[in-house]
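Work through the following exercises with the sequence and the model at hand, and try each task before reading its solution.

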Amino acid sequence: QLAKTEYSLLWLEEGMADVTAGTVFEDTGQSAPQLISVARLNLPTQLTLSQLRSDADWLQAAGQYGAEAVYIYSSMAVRELVDRNGYGSLIAFHHELGRTQDIEKSFKSAFRVELEEFEKKFTQRVNNPKSQLEYSKFY
């Protein structure tokens with residue numbers, strides 16, 4: 001059953017596509033990830049995950065900060081969720097969302113953290129110059 005919600009979580013959808021594609025490329029030997037430190041990515045400090053929820057927000061942020069920045073940001077966030085909870089959590093989120101039609105409840109159920117809390121803490125980690133987060137670029 002497809003979820004019909006009041007708003008989307010586009011950063012999760014776009015980041016999930018990137019992380020999944022990268023994993024397939026790596027698993028099939030087509031490419032290896034290049035680890036790039038967050039500091040070297042020079043992401044805009046004003047960018048937040050909450051700015052990347054809806055299509056309209058995504059397009060506005062891409063226009064303001066650049067499409068590559070919003071894709072990288074989304075991919076790093078999803079990679080963090082997968083590293084913490086496994087790939088099954090992505091499936092669990094969509095299953096729960098189809099069942100409840102509630103993004104916040106589905107997010108908490110699948111990833112064991114409140115959506116807003118994750119978005120806030122992730123943004124703080126990315127904007128911390130001493131952050132150890134890394135982005136795996138597969139293409």
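Predicted model: local features only at pLDDT ≥ 70, side-chain atom pairs only at ≥ 80, totals over all residues.

**Exercise 1. Surface and burial of the chain**

**Exercise 2. Elements and contacts along the sequence**

**Exercise 3. The packing of H4 against H7**

Determine how helix H4 is oriented relative to helix H7, and identify the residues through which the two meet.

Solution. Begin with the geometry: H4, spanning residues 67-85, packs with H7, spanning residues 115-127, at an angle of about 110°, and their axes lie 11 Å apart. Since angles of 65 to 115 degrees count as roughly perpendicular, H4 is therefore roughly perpendicular to H7. The handedness of this crossing is right-handed. Next, list the residues: H4 contributes Tyr73, Met76, Ala77, Glu80, Leu81 and Arg84, which meet Phe118, Phe122, Thr123, Arg125 and Val126 of H7. Sorted by class, this contact comprises seven nonpolar, one polar and three charged residues.

**Exercise 4. The packing of H5 against H6**

Describe the crossing of helices H5 and H6, and classify the residues that form their contact.

Solution. The axes of H5 (residues 88-100) and H6 (residues 103-111) come within 8 Å and cross at roughly 145°, and the crossing is right-handed. On the H5 side the contact is made by Ser89, Leu90, Ala92, Phe93, Glu96, Leu97 and Thr100, while H6 supplies Ile103, Ser106, Phe107, Ser109, Ala110 and Phe111. By class, the residues of the contact of H5 with H6 divide into eight nonpolar, four polar and one charged.

**Exercise 5. The setting of asparagine 85**

Decide whether asparagine 85 is buried or exposed, and name the residues that it touches.

Solution. Asparagine 85 is found in helix H4. Its relative accessible area is 18%, and because buried means under 20%, asparagine 85 is classed as buried. Leaving aside residues up to four places away in sequence, asparagine 85 touches Ala110, Phe111 and Arg112.

Key:
Residues numbered from 1 in each chain as written. Heavy atoms only, no water. Axes fitted to C-alpha atoms, helices over the stretch in contact; angles between N-to-C directions. Helix = DSSP H or I, 4+ residues; strand = E, 2+ residues; numbered from the N terminus. Parallel < 35°, antiparallel > 145°, perpendicular 65-115°, else oblique. Left-handed = near helix turned anticlockwise from the far one by under 90°. Contact = heavy atoms within 4.5 Å. Nonpolar A, V, L, I, M, F, W, Y, C, P; charged D, E, K, R; others polar. Buried < 20%, exposed > 50% of the residue type's maximum accessible area, 1.4 Å probe, protein only.
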